[in-house]
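Please examine the model shown below. The paragraphs after it lead the reader through selected parts of the structure.

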Amino acid sequence: MKNIHVDFWGVRGSVPSPGPATTRYGGNTSCISITINNKILILDAGTGIRNLGSAIIGQPELEIFVVVTHSHWDHIQGFPFFTPIYQPDRPVHMFPTLHKKNVVLSSLIDQMDGAHFPITPDQVPSNFNFVTENPLEFLESNGFHMELVPMNHPGKAFGYKIKIDDKIICYFTDNEIDPPYEKSIELDVLTEKCRNADILIHDAQYIEADMPLKHGWGHSLISQVTKLGESAEVKNLVYYHHDPERSDDDIDAELEAASKTLKENGSSVRPYFAYEGLKLSI
Ligand SMILES: [Zn+2]
Ligand SMILES: [Zn+2]
């Protein structure tokens, strides 16, 4: 049985939000990592990936796999600042097009075009390995069994259900549980995907006061995520992809309210509101 470590490097949605109101939860955009033995799976490359790069630059034995859920800015923008890619010959496995069969597209490196970033991919000394054929099999052979799950999100996005040994981690960010547009996934299907997960990480960007303006923008209400975690009976529920306007104090209040609701309902779900530096080991 492997030790599985899940680390949170960027927990914010939409745009980085540094400043005195966000110091405790952090202002960097989406990035988490899952480490087993000497392999690190990086999910999304928002600005949080910069600190991750600094943390692992001195660990050349760690094999790197980078997977993105979709190509919105907050999921790709940190990649050019991920310092391991500037280490000569360091292997970096990338799966930029898991959900676009037969099309080689990489929003991670396409942004390094000279116009948006000064260094171009041919100047990068690491060894990019683009896995375009059977990427899921490749990941599985490295210990990460991953299932793509379609999310409800404008422009399309995918979540990942990851199985490692008998543990289940669902990384479902940028998902609108009840959108006004045609759904890619119904709530009952989503609930079954999450059923008994050891860790469910889910988009929880909005609160009721954000509605109706932001209905259809591709994100879920915190209250909907609480209900999802409860009905799917997950063990650890991580509210993720916080709104850039949500202050530390706002998030504290949401955590308190969610904890109270779960307790009152007799639920055994353990709630966390993701913050930079959160580590969960299972
Ligand atoms: Zn996002
Ligand atoms: Zn998005």
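Lys193 is partly exposed, with a relative accessible area of 24%; here buried means under 20% relative accessible area, exposed over 50%, and partly exposed in between, computed with a 1.4 Å probe on protein chains only. This is a predicted model, in which local features need pLDDT of at least 70 and side-chain atom pairs count only at pLDDT 80 or more, while totals for chains, interfaces and linings use all residues. Residues are numbered from 1 along each chain as its sequence is written, chains are lettered from A and ligands numbered from 1 in the order in which they are written, and side-chain values use heavy atoms, with hydrogens and water left out.

The side chain of Lys193 meets that of Glu147 in a salt bridge of 2.6 Å, N to O; a salt bridge is a side-chain nitrogen of Lys or Arg within 4 Å of a carboxyl oxygen of Asp or Glu. This pair links distant parts of the chain, since Glu147 belongs to strand β7 (residues 145-151) and Lys193 to helix α5, 46 residues apart. Helices (H or I, at least four residues) and strands (E, at least two) are DSSP runs, numbered from the N terminus. Glu147 is partly exposed as well, with a relative accessible area of 26%.

Arg195 takes part in two further pairings. With Glu192 it forms a salt bridge in which the closest N and O atoms are 2.8 Å apart, and the side chains of Arg195 and Glu233 meet in a salt bridge of 3.4 Å, N to O. Glu233 lies in the loop between α6 and β11 and Arg195 in the loop between α5 and β10 (199-203), so the second pair ties together parts that are 38 residues apart in sequence. Arg195 is partly exposed at a relative accessible area of 25%, and Glu192 is partly exposed at 47%. Across the whole structure, a search finds eleven salt bridges. Arg24, Asp249 and Asp252 are linked in a network of such bridges.

At 1.5 Å a residue, the 17 residues of α7 (residues 248-264) should span 24 Å, and its end C-alpha atoms are 24 Å apart, which agrees; the expected span is 1.5 Å times one less than the number of residues. Within α7, Asp248, Ile251, Ala258 and Leu262 are buried. They cover an arc of only 85 degrees around the axis, which puts them on the same side of the helix; the arc is that of the directions from the helix axis to the C-beta atoms. An α-helix has 3.6 residues a turn, so residues three or four places apart point the same way. The buried residues of α7 are covered by elements including α6 (222-231), β11 (236-240) and β12 (270-273). On the face turned away from the buried side are the exposed residues Asp249, Glu256, Lys260, Lys263 and Glu264. Just after the helix, Gly266 takes a positive phi of about 70 degrees.

The loop between β9 (167-172) and α5 (187-194) contains Glu176. What surrounds this charged residue? Glu176 touches Asn152, Tyr181, Lys214, His215, Gly216, Trp217, Gly218, His219 and Ser220, not counting residues up to four places away in sequence; contact means heavy atoms within 4.5 Å. Glu176 is buried yet has no salt bridge, and the nearest side chain of opposite charge, Lys183, is 10 Å away. For charge, Lys and Arg count as positive and Asp and Glu as negative, while His and the chain ends are not counted. A polar contact of 2.9 Å joins the side chains of Glu176 and Tyr181; such a contact is a pair of N or O atoms within 3.5 Å, where within protein one must be able to donate a hydrogen and the other to accept it, and residues adjacent in sequence count only if both atoms are side-chain atoms.

Thr173 has its place in the loop between β9 and α5 and counts as buried at 0% relative accessibility. Its side chain makes a polar contact of 2.9 Å with that of Asp174.

Some backbone features remain. Most residues other than glycine have a negative phi, and most peptide bonds are trans. The peptide bond from Met211 to Pro212 is cis, with omega near 10 degrees. Asn134 has a positive phi of about 50 degrees although it is not a glycine.
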